[in-house]
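Please read the following report alongside the sequence and the coordinates.

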Amino acid sequence: MLQKLLIANRGEIACRIIRTARQMGIHTVAVYSAADANAQHVQLANQSVYIGPAPSSESYLLIDRIIAAAKSTGADAIHPGYGFLSENERFAEACANNKLIFVGPPVAAIAAMGSKSAAKAIMSAAGVPLVPGYHGDDQDPARLRAEAQTIGFPVLLKAAYGGGGKGMRVVNNSAEFDAALQSAKREAQAAFSNDKMLLEKYLSNPRHVEIQVFCDQHGNAVYLSERDCSVQRRHQKVIEEAPAPTISECTRKAMGEAALRAAQAIDYQGAGTVEFLLDSDGTFYFMEMNTRLQVEHPVTELITGQDLVQWQLLVASGEPLPLTQEQIQVHGHAFEARIYAEDPANEFLPSTGLLTVLRTPPPSAHVRIDSGVIEGDEVSAYYDPMIAKLIVWGSNRNEALRRLVSALNDFRVAGVHNNIDFLRSIANHPQFQRAELSTSFIERYQHQLVADTSHLHDDYATIAALAELVQSQQCDKAWFANPGLQLNQPAQFSLSLQRDGQPYSVILTAHGSGWQRLPDQRVWAATWQQDRFRIQCDEQSFFAHVLHAGGDITVMTEAASIRLKRYQVLLELQHEQASGGMLAPMNGTVAAVLVATGDEVSAGQPLLVMEAMKMEYTIRASHAGTVEQVFYQSGELVSDGAELVRLSVSA
Ligand code: ADP
């Protein structure tokens with residue numbers, strides 16, 4: 001058995017691996033960058049080694065540093081987690097060369113699946129069904145366009161060495177082809193240092209169903225049911241579930257066996273996932289094999305009762321698989337929701353900053369939280385902005401879904417934007433509840449899922465003012481218990497906020513035992529109850545949490561969570577200075593500048609492409625005008641809020 005394990009990763013997955021290793025009596029070594037000196041994975045591990053500055057290219061992606069950390073601490077094995085070096089064959093090779101066990105498949109298996117195009121050739125030879133497409137080496141744009149024509153539009157451009165939905169573009173017709181190819185190549189080059197592309201027929205409404213496989217060093221191979229990961233945004237998974245609902249036993253078995261053929265075709269060892277697209281008629285096509293543990297592995301753990309990290313460590317130690325295919329049983333249903341620091345109302349831009357409040361639902365036999373951060377930690381711009389994974393179990397899909405919604409209701413997050421309301425809208429959506437799943441689900445219902453909450457803004461501002469009022473009186477317990485009857489109660493209370501850069505005040509006027517906000521006729525009242533406010537509005541009452549973070553006030557109810565801004569003179573000044581300019585929506589780098597000084601542009605025209613967290617964001621003209629100044633060049637770093645391009649207004 002392994003004695004000492006180095007985890008070449010950070011965040012929730014590093015914490016997840018450390019937990020199992022400790023249970024198995026394996027000593028753990030964390031590695032960390034300058035941004036992670038106090039991170040949770042460092043606190044949990046027995047030992048830790050500093051490996052470099054915050055950017056992952058200078059720390060978590062440096063093979064030599066990580067190998068040196070393993071050797072200096074006497075580790076005998078390295079677990080790569082997911083992302084970073086987990087599917088890097090040179091890393092697996094470096095481990096072997098240094099007599100370190102790589103907790104993952106053999107180098108040759110990683111290499112075989114590392115290129116999506118080479119993988120397709122192997123799978124086709126092994127009799128695993130493929131989506132029609134072009135996987136060749138000729139990368140001449142004219143050849144690729146011609147192949148797209150032959151396949152028939154719409155086609156999907158994919159980075160051959162890609163992952164995580166990056167470097168992927170749907171192309172609807174040949175007119176769009178060249179621009180899409182350029183942009184996909186640019187994204188692929190930045191993310192994977194390789195811009196080779198392949199083409200596939202784009203299926204319009206498929207499901208993403210993937211099979212968890214496991215193989216040991218003794219020739220045993222099993223599959224542990226499947227996961228449905230159809231609910232995706234920009235080809236990235238948002239909510240996953242297991243088992244995949246509504247598929248027949250026959251399809252399920254055929255997919256499981258095809259996945260095992262895929263694994264055996266490359267002499268696989270360890271945990272792997274074979275991803276398929278499932279068409280509405282039950283036909284399925286191999287998409288790719290991920291040669292690592294997946295983000296969504298916990299749903300499989302909850303329905304099979306197995307610890308997949310434990311299985312990985314056993315297999316890496318040379319032990320046989322703990323169960324045979326017949327012994328693997330599926331119980332109930334599980335969901336995973338990925339909770340991200342991102343802003344659904346603003347094109348899901350990553351949101352970085354201090355997590356001033358993070359309260360998770362209490363873990364139980366049915367609710368699991370895998371997280372790498374705690375309250376007070378920073379969501380850094382350098383890494384994936386995941387806050388936590390929420391995983392729930394139920395004896396059937398409906399029960400699991402109810403638990404998912406109720407656990408989402410119990411999250412409290414402030415300091416960064418987050419997607420919890422968005423996840424809850426998905427979980428509550430009738431089509432999702434009926435398991436009518438497809439990879440276009442989010443795109444199709446986007447306007448329902450990202451609800452426009454602007455009409456709630458006024459009421460939530462009133463709640464924020466009421467909360468402030470109650471808090472300002474907090475020392476006076478008697479008043480607290482009975483707000484209306486105190487002599488020292490002010491006749492008026494005001495809170496200054498701003499919206500879209502404009503200041504406005506919420507003025508509450510005492511009215512009987514409550515408060516009115518003119519011109520509204522409604523009477524409001526608030527009381528503090530344990531950890532939340534009970535808000536009364538006319539005859540109705542409900543609960544609200546009011547969380548403070550810097551100049552932000554987050555008001556959360558079961559219906560929505562709204563982030564309000566306190567009015568600050570300084571902020572207004574900054575806004576005035578920047579008006580007429582296009583501002584950077586986040587920290588990042590300029591990937592391409594598409595206009596020059598003097599250009600006439602129309603409203604909505606792309607001006608500049610920014611890249612953050614390996615994804616591209618297009619900055620568009622907010623109005624028609626002439627470009628007066630471009631402040632950055634391609635490759636430059638910009639910080640959130642910086643003015644990128646200034647436009648004049650067209651006469
Ligand atoms: P990545 O490795 O970047 O995650 P994948 O090849 O796994 O890329 O594809 C990611 C997602 O893109 C899939 O889950 C699916 O939703 C969608 N997708 C991939 N190929 C196709 C296709 N041929 N037709 C329709 N959707 C596809």
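Predicted model: local features only at pLDDT ≥ 70, side-chain atom pairs only at ≥ 80, totals over all residues.

Residues are numbered from 1 along each chain as its sequence is written, and side-chain values use heavy atoms, with hydrogens and water left out.

**Domains**

The protein chain is divided into domain 1 (4–103), domain 2 (132–201), domain 3 (207–451), domain 4 (455–568) and domain 5 (578–647); such bounds come from an automatic or database domain assignment. Taken over C-alpha atoms, the centres of domain 1 and domain 4 are separated by 48 Å.

**The ligand and its shell**

The ligand is surrounded by 21 residues, of which Lys116, Gly165, His208, Gln232 and Glu288 are the closest; a residue is counted as near if one of its heavy atoms lies within 4 Å of the molecule. Domain 2 (132–201) and domain 3 (207–451) each give at least three residues to this shell. In terms of secondary structure, at least two shell residues come from each of strand S7 (155–159), strand S9 (197–201), strand S13 (270–278) and strand S14 (284–290), where helices (H or I, at least four residues) and strands (E, at least two) are DSSP runs numbered from the N terminus. The shell comprises seven nonpolar, eight polar and six charged residues, with Ala, Val, Leu, Ile, Met, Phe, Trp, Tyr, Cys and Pro counted as nonpolar, Asp, Glu, Lys and Arg as charged, and the others, Gly among them, as polar.

| Side chain | Ligand atom and distance |
|---|---|
| Lys158 | oxygen, 2.8 Å |
| His208 | oxygen, 2.5 Å |
| Glu275 | oxygen, 2.9 Å |

Of the 550 Å² of accessible area that the ligand has on its own, the protein covers 96%; accessible areas come from the Shrake-Rupley method with a 1.4 Å probe, and for residues only the protein chains shown count as cover.

Ser230 counts as buried because its relative accessibility is 1%; buried means under 20% relative accessible area, exposed over 50%, and partly exposed in between, with a 1.4 Å probe and protein chains only. Not counting residues up to four places away in sequence, Ser230 touches Arg207, His208, Leu437, Ser438 and Thr439, where contact means heavy atoms within 4.5 Å.

Ala427 belongs to helix H13 (residues 420–428) and is buried, with a relative accessible area of 0%. When neighbours within four places in sequence are left aside, Ala427 is in contact with Leu401, Leu404, Val405, Phe432 and Gln433. Gly11 lies 416 residues from Ala427 along the chain, and the C-alpha atoms of these two residues are separated by 26 Å.

Val609 is found in strand S35 (residues 606–612) and, at 4% relative accessibility, also counts as buried. Val609 and Ala591 are 18 residues apart in sequence, with 5.3 Å between their C-alpha atoms. Residues up to four places away in sequence again being excluded, Val609 touches Arg186, Thr589, Val590, Ala591, Ala592, Leu594, Glu616 and Tyr617.

**Backbone geometry**

The peptide bond from Phe153 to Pro154 is cis, with omega near -5°, and Pro154 is placed in the loop between helix H7 (141–151) and S7. A cis peptide bond also joins Ala242 and Pro243, with omega about -10°; Pro243 is in the loop between strand S12 (236–242) and helix H9 (249–265).

Positive phi values occur in residues other than glycine as well. For Lys99, phi is near 55°, and this residue is found in the loop between helix H4 (89–97) and strand S5 (101–102), where Lys99 is exposed with a relative accessible area of 74%. Asp267 has a positive phi of about 50° although it is not a glycine; Asp267 is in the loop between H9 and S13 and is exposed, with a relative accessible area of 60%.

Definitions and conventions
Polar contact = N/O pair within 3.5 Å; in protein donor to acceptor, adjacent residues only side chain to side chain.
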